[in-house]
Amino acid sequence: MAAALGDQACIAPSPLPVSVIHKLQAILGRLKANNRLEKCISIYVEVRSSNVRASLQALNLDYLEISVSEFNDVQSIEGYIGQWGKHLEFAVKHLFEAEYKLCNDVYERMGLDVWMGCFSRIAAQAGILAFLQFGKTVTESKKDPIKLLKLLDIFASLNKLRLDFNRLFGGAACAEIQNLTRDLIKSVIDGAAEIFWELLLQVELQRQSPPPLDGNVPRLVSFITDYCNKLLGDDYKPILTQVLIIHRSWKRQSFQEKLLVTEILNIVKAVELNLETWIKAYEDPMLTNFFAMNNHWHLYKHLKGTKLGDLLGDSWLREHENYKEYYSTIFLRESWGKLPSHLSREGLILFSGGRATARDLVKKRLKKFNEVFDEMYGKQSGWVMPERDLREKTCQLIVQAVVPVYRSYMQNYGPLVEQEASSTKYAKYTVQKLEEMLSCLYRPKPVRHASLRGRQFSGKYGNGMPDLRRTASAVV
């Protein structure tokens, strides 16, 4: 275990040989008779606690000293919470366990109160209180949904060590450790339950926010789908269930697993209602269809084959897949599908009006095509389709709708304008360039590493996921 936590970590020595224990007990008997026992215990505590601290220092536990004022959200210390659980387990099962046994062996004849009091002082001075205080600091940080997962991690670590804590620190001498532990567990359970039961309301409050200007999948949608899957997963569902059972028992309320499942389903339904509201909020019909296509596909793709997807059912998933196809068809038909109509061949087949007339018609139609293309491309080049498979398929369909018609038109009628000095005004794009531009549409923009963390819950909630209370850019 020590090797896994740090090569420099040293485990406290094994219990002393029986012969050495007997000699120490004899010495302690004489010291007690001469009223020197307390002085001996003080020195023993100082030396043994120093030994434990040296072992812990090898694990680089500086993070235990972080105060609430030193971080704004749980994400800033997210990585430390996992380490905290491993370090605490190592300290309890190896270092404090060894000291507990040694205190019992050496001071057993002095009475339970003496040896337990000795061990309690060693544990407190060596650093167990710092471990508990770090957990308390996490519970006091700003609330956000990510914090729920971290609180569940802390609860899982404490629950795993519950029997060890009760055995090692269950005596009256360890009252301070017991009180801090109980306070930490209560704060963890209260905090986790509060965040979970308020999540639905926070999602509903986002409904009044405007949809993203680029038609992208809102961070709220992508976050909630992933987040609810984590809560239903094997890592968190049993822990969350246990936490909610305890929390409701404190209120003399019963808990059934269907309450957890129902709440998560309600959260997903709230996300769907948000999407329906946002779809109707766009003034541009093309962007409406683009946004709807994006989001229905996201729900289908990211929930199919997951715990949440299984809970929602195949018919629910198929419905979103069908909606994606429906909006995709309308989007292509009403936007890029109309572009080739500007390359009409009417009046050009027989050159009935002569070459000059044909040239004028070609110029006019290419000019119109370029204008419509430039306007549409300029607008949609800022739109984002995050799912690569959907993006590539959509671009492929756009290319198939536009490029073959454009290629054929330029092969037949391009020579009429290409010989003129102003040819680039009409033959503005090569076939290759046009295909390249259309194939590169809707790509996500480079992500700034801190972009998600920088968005805060206003007021009650802290950082971590899109601001569930702001109205302007929360769903962008």
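This is a predicted model: local features need pLDDT of at least 70, side-chain atom pairs count only at pLDDT 80 or more; totals for chains, interfaces and linings use all residues.

Trainee: How many helices and strands does the protein have?
Mentor: 20 helices and zero strands.

Trainee: And what percentage of the residues count as buried?
Mentor: 50% of the 476 residues.

Trainee: Next, the helix pair. At what angle do α9 and α10 pack?
Mentor: About 155°, with the axes 13 Å apart. Helix α9 covers residues 175–205, and α10 covers residues 219–232.

Trainee: So are they roughly parallel or roughly antiparallel?
Mentor: Roughly antiparallel, because the angle is over 145 degrees. The crossing of α9 and α10 is left-handed.

Trainee: Which residues make that contact?
Mentor: From α9, Ile 195, Phe 196, Leu 199 and Val 203. From α10, Leu 220, Ile 224, Tyr 227 and Leu 231. By class, that is eight nonpolar residues, with no polar and no charged ones.

Trainee: Switching topic. Where is Asn 229?
Mentor: Asn 229 sits in helix α10.

Trainee: Buried or exposed?
Mentor: Asn 229 is buried, because its relative accessible area is 15% and the cut-off is under 20%.

Trainee: What does the Asn 229 side chain have a polar atom 3.0 Å from?
Mentor: The backbone nitrogen of Leu 308.

Trainee: Which residues is Asn 229 in contact with, leaving aside neighbours within four places in sequence?
Mentor: His 302, Leu 303, Thr 306, Lys 307 and Leu 308.

How values were computed. Residues are numbered from 1 along each chain as its sequence is written. Side-chain values use heavy atoms; hydrogens and water are left out. Helices (H or I, at least four residues) and strands (E, at least two) are DSSP runs, numbered from the N terminus. Buried means under 20% relative accessible area, exposed over 50%, partly exposed in between (1.4 Å probe, protein chains only). A polar contact is a pair of N or O atoms within 3.5 Å; within protein, one must be able to donate a hydrogen and the other to accept it, and residues adjacent in sequence count only if both atoms are side-chain atoms. Contact means heavy atoms within 4.5 Å. Axes are lines fitted to C-alpha atoms, for helices over the stretch in contact, and angles run from 0 to 180 degrees between N-to-C directions. Angles under 35 degrees count as roughly parallel, over 145 as roughly antiparallel, 65 to 115 as roughly perpendicular and the rest as oblique. A crossing is left-handed if the near helix is turned anticlockwise from the far one by less than a right angle, and right-handed if clockwise. Ala, Val, Leu, Ile, Met, Phe, Trp, Tyr, Cys and Pro count as nonpolar, Asp, Glu, Lys and Arg as charged, and the others, Gly among them, as polar.
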